[in-house]
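Morning, everyone. Please look at the model on the screen while I talk.

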Amino acid sequence: MFKKSPLLSRAFLFVILPLLLLAIAGYSYLNSTLPDHSADQLVPGISAKVAISRDNKGVPSIKATSDNDAFYALGYVHAQDRLWQLEVQRRMVQGRLSELFGQGSINQDIWFRTLGLYQSAKSAWTALSPQAQASLTAYAAGINAWITKDDLVLPIEFTVMDVEPEAWTVYDSLSWIKVFALNLGGNFSQEMGHMLASQKLNAKQLKTLFPDYPADGPTTTAASGSGENAASGAGLSAGLSAVHSQKLLSMMNFHKTLEDDLNIGGKYVGSNAWVVAGKHTASGLPILANDPHLQIQVPSLWYVVDMQGDKLDVAGMSLVGLPVVIFGHNQHISWGGTAMMADVQDLYLEQVNPEDTSSYKVGDQWQKFTVGEEQIKVRAKSPDALRDPLKPVTVQIRHSRHGPIISDMFKVFDQPVALRWTGLDDGDTSYEAFFKLNYASNWQTFGEALSHHVAPTLNMLYADKAGNIGYLGMGKIPVRQQGEGTFPVPGWHEQYRWNSYIPSKEMPQSYNPDSGYIVSANNKVEGPQYPYFISHHWAAPARAQRISQLLEQKISAKSLMTSEDMGVMQGDTLNLAAQRLLPLLTVLKSDDETEQQAIDALKQWQGDMAHDSAEATIFHAWLRHLKMNLLNDELQMSWGFQAKSNFLNGIVSNVHTVEIQRALAQDDNVWCDNVTTNEVESCQQVMLNSLADAIDETSKFLGSDLSDWQWGEIHTTVYSHRPFSNVKFLDSIFERSISNGGSPESINVASAKFDITDGYIQGFGAGFRQIMAWQADGISHRYMNSTGQSGNVMSRHYDDMVAPFNAVEFAQLSDKTASADSELSHLLPKQ
């Protein structure tokens with residue numbers, strides 16, 4: 001054939017064959033980046049070899065003869081499976097992403113250099129016990145042992161980005177705890193938003209954007225709800241000039257963009273957790289369920305592990321970068337957690353000395369700012385090898401007695417704004433708490449471990465093999481001399497200082513309540529009888545109410561609960577807040593046939609945000625446009641927001657469904673009238689106009705037949721990859737997505753943003769699910785991570801949990817029963 005067609009022959013020899021050989025070589029290279037998980041392994045430890053075995057999900061079981069060897073092995077397997085993730089995390093917290101990603105990361109680097117998380121980690125190191133320090137040292141040694149292997153082939157990200165991994169240090173681990181805390185404690189941006197909103201909006205409008213916790217909402221430490229503490233107006237809530245307002249908006253837009261780009265922070269980040277006592281379970285012993293909610297990504301922030309040393313015997317979810325199990329169990333107790341939503345950040349406006357700008361006012365005296373200089377190296381645009389290197393960016397960073405000056409990069413106020421945050425306190429012993437928690441054996445040692453914790457503040461749920469259940473608040477919460485951190489305050493006045501922290505013995509807690517269960521879903525934790533202020537920023541109560549409702553249904557039916565029942569609950573997509581709004585929507589009448597069809601469909605709907613529900617699509621689209629049509633005109637007119645402002649979109653999308661219900665039910669038309677028009681619009685007009693907008697928009701995605709509008713067809717969970725989700729073609733290789741159900745206020749959480757091209761994109765939700773059930777002879781532990789154990793795109797464990805996680809399926813992690821044998825024992829040296 002080639003003789004008859006010389007052109008075809010030349011095409012094969014010079015085009016097709018080289019491309020084929022290149023593809024084979026590329027595939028072979030990518031395969032060579034995979035670590036060998038095919039058999040049990042013996043790896044060198046610190047004092048002896050460590051046995052590592054993996055199950056069919058790639059989850060390692062580590063068996064060592066000493067605890068430090070176990071910590072070493074966890075570092076080793078983290079590096080095996082998540083080396084690129086470790087590198088990006090380290091560079092992010094150090095403020096060095098610009099060295100990888102170029103000019104687009106400069107502001108992010110300035111922000112992290114300003115916060116000084118890495119420097120703060122160094123003071124945390126000296127506060128730790130020798131045992132905790134040894135675990136971190138062993139973990140770092142394990143990571144570095146993998147990095148320095150002679151035959152190591154680095155993951156493809158290192159090759160594409162042309163970088164080498166650096167040696168891991170104990171400070172890299174300690175600073176990652178602070179990023180975890182930053183993820184769950186960013187309420188200072190709410191102070192700025194509250195300050196800005198108070199300039200133009202009236203009291204009722206402010207309550208819509210910054211609502212009190214409902215009086216009938218559940219609290220974690222009591223079966224019945226309670227009222228919210230009265231909000232304190234102490235602080236600087238007025239007097240911003242138009243110029244300052246615009247600068248403040250730029251600062252807040254930056255922080256919203258930072259949350260989106262780096263997958264950190266956000267409003268109402270949190271979790272679900274509940275624990276049920278043995279009197280309500282089939283086994284007669286407690287069951288604890290937990291699914292933390294954060295920004296989602298591939299690979300997951302979490303890594304499943306089962307590890308044993310000489311005293312250590314733990315299993316559960318570790319955070320990549322840390323050597324301990326964060327949420328899981330040992331041979332005595334199990335534990336899970338949610339974000340407490342405590343207000344642990346305050347903003348202080350400092351008064352600069354007009355005659356010496358290097359000093360600021362403290363009472364009647366002047367004190368010097370602490371000033372440091374940082375140089376940020378910036379990578380040139382690709383191909384950087386062919387371009388002149390960019391000059392480093394030099395940044396001056398100031399600190400007052402309250403903390404870093406976070407306003408300098410924006411020049412927001414004449415007075416610098418300092419951030420006071422528990423996570424930046426010297427001598428942070430948060431790691432000590434998690435370290436000791438892995439060894440806790442009962443309620444007393446559980447509480448003693450948690451007493452060391454600083455940030456983030458967490459609700460920790462507890463169960464033990466003796467049948468006890470409990471809840472205990474964890475972390476430092478400031479006791480303010482005046483005010484409640486609602487607004488920025490004058491830093492020169494002593495009455496706004498933090499006097500102390502809530503004593504650990506007086507933190508919110510509950511032990512073996514009469515109800516036989518405890519629920520935590522970022523809802524309010526204590527009633528008005530509690531003597532300390534915790535927060536005004538609780539999540540809407542719908543998730544906690546639904547969890548309690550399902551538990552009470554089982555109890556009333558005298559149906560003893562199992563792990564399988566808990567799994568069904570974790571997959572529940574019913575939205576109680578939607579149920580409460582529906583009567584206001586379904587009473588409407590429209591002259592448009594399609595609009596009336598949508599209204600009639602919702603009349604038969606119970607608020608279930610199921611994947612295949614057309615009504616869920618109608619409701620979500622209608623609610624989104626209703627929020628915009630109610631709120632946007634006031635926000636744009638009053639604050640000068642641009643329509644596409646990240647912060648504006650965040651403000652609007654984060655308004656609770658129950659607050660929309662209240663806004664529509666008010667008689668004074670406080671939100672319904674469009675202030676940009678001469679006409680006075682009614683709430684009925686706004687609702688019908690919003691429905692028309694929703695139908696018009698959704699029809700472009702799903703067609704004109706409303707019965708075909710399945711929620712999962714327009715609502716997609718996207719697990720983004722850093723940085724290749726931002727690179728065309730590579731995004732299709734490294735990113736993962738799957739259609740999904742759920743909503744922000746259902747147990748199966750799914751918080752999505754609308755994209756004009758792709759529909760509703762979920763970037764926030766559960767990072768894992770786990771259920772730990774005590775049995776007479778041990779514990780059964782069911783789990784599922786959100787993506788997979790591996791960060792290597794060539795591994796089958798890169799994404800093998802995406803589909804089962806989406807379907808709320810589970811794998812068995814450990815069966816720590818008396819009859820269970822360790823399959824690794826034969827690998828270890830004899831004692």
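I'll cover a strand and its partners, then a disulfide, then a cavity.

First, the ground rules. This is a predicted model: local features need pLDDT of at least 70, side-chain atom pairs count only at pLDDT 80 or more, and totals for chains, interfaces and linings use all residues. Residues are numbered from 1 along each chain as its sequence is written, and side-chain values use heavy atoms, with hydrogens and water left out.

Start with strand β19, residues 469-474. Helices (H or I, at least four residues) and strands (E, at least two) are DSSP runs, numbered from the N terminus. Is β19 buried or exposed? Six of its six residues are buried. Buried means under 20% relative accessible area, exposed means over 50%, and partly exposed is in between, with a 1.4 Å probe and protein chains only. Both faces are covered. One side has Ile469, Tyr471 and Gly473. The other has Gly470, Leu472 and Met474.

Now the partners. Two strands pair if DSSP finds at least two bridges between them. β19 pairs with β18, residues 458-464, in the antiparallel sense over six bridges. Leu458 has Met474 as its bridge partner. β18 and β19 form a hairpin, with four residues between them. In that turn, Gly467 has a positive phi of about 105 degrees. β19 also pairs with β23, residues 509-511, again antiparallel, over three bridges. There, Leu472 has Gln509 as its bridge partner.

Next, the disulfide. A disulfide is a covalent bond between the sulfur atoms of two cysteines. The rule here is a pair of cysteine sulfur atoms within 2.5 Å. How many does the rule find? One. Cys672 and Cys683 form it, with sulfur atoms 1.9 Å apart. The link is right-handed, with 95 degrees about the S-S bond. Cys672 sits in the loop between α20 (657-665) and α21 (683-702), and Cys683 sits in helix α21, so the pair ties together parts that are eleven residues apart in sequence. Cys672 counts as buried because its relative accessibility is 1%. Cys683 is buried too, at 13%.

Last, the cavity. A cavity is a set of points on a 1 Å grid over the protein atoms alone, where a 1.4 Å probe fits but cannot get out; lining residues have an atom within 4 Å of a point. The second largest cavity is lined by 14 residues. Tyr719, Asn740, Gln762, Arg769 and Phe805 lie nearest its centre. The elements giving two or more residues to this lining are β25 (715-719), β28 (759-766) and α24 (802-806).

Definitions and conventions. 1 Å grid on protein atoms, 1.4 Å probe; cavity = no way out; pocket = protein on both sides within 12 Å on 5 of 7 lines; lining within 4 Å.
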